[in-house]
Amino acid sequence: MAYWLFKTEPDVFSIDDLKNRPKQVEHWDGVRNYQARNFMRDEIKLGDLVLIYHSNAKPLGVAGVAEVVKEAYPDHTQFDKSSQYYDPKSTEEKPRWYMVDVKFVEKFKNFISLENLKSHKELNDLIILRKGNRLSITPVEKKHFNYIKKIGRKSV
DNA sequence: GCCAACGTTGGC
DNA sequence: GCCAACGTTGGC
């Protein structure tokens, strides 16, 4: 059982969008970075928990938690010419990109802004807080996950 | 295999 | 809108 952080731009897809999906499940398509792809394909397992992080937005930060309900399978958008995620170099026989399915678990009562995250020295080595980090999927340590969950559930 | 040029991400 | 920090591409 492992923990992860997925970035998403809430203008495109937010925690509320996930919550409002049928069965509250959605496939996490559009990842076009090899490191992130490798995490999904090789390491992200059924039942893993995911922090949903809203990037490029206001507010900016961790919005809630989701759970992995389906392990890696080919991302269909890579074969779709009309998709912005279309990849002409990928084939059905040898797909280049993968995705997982996640299910809504909870939306934090207390949205945790990036500023808030940074103010906790316990979270100093969280990957997302490293300067210049652009990876859209990153592993999160159990202690960090639990700490963040605690802040998120605290009422303000 | 190197690396310059270019494109993208994402906080500010 | 700016720009630092990356990742990718493609010529050599």
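**Contacts and pocket**

Analyst: DNA strand B is surrounded by K7, Y53, S55, N56, L60, L114, K118 and R134, where a residue is near a strand if one of its heavy atoms lies within 4 Å of it. Of the atoms of DNA strand B that come within 4 Å of the protein, 70% belong to sugar and phosphate. This is a predicted model, in which local features need pLDDT of at least 70 and side-chain atom pairs pLDDT 80 or more, while totals for chains, interfaces and linings use all residues. Residues are numbered from 1 along each chain as written, chains are lettered from A and ligands numbered from 1 in written order, and side-chain values use heavy atoms, without hydrogens and water.

User: How much space lies in the largest pocket?

Analyst: Rolling a probe the size of a water molecule over the atoms shows where empty space is left. Here the largest pocket holds about 630 Å³, a volume being the space filled by probe spheres set on grid points joined across faces, edges and corners. A pocket is an open set of points on a 1 Å grid over the protein atoms alone, where a 1.4 Å probe fits, with protein on both sides within 12 Å along at least five of seven lines, and lining residues have an atom within 4 Å of a point. Among its 21 lining residues, K7, T8, D29, G30 and Y85 are the closest to the centre.
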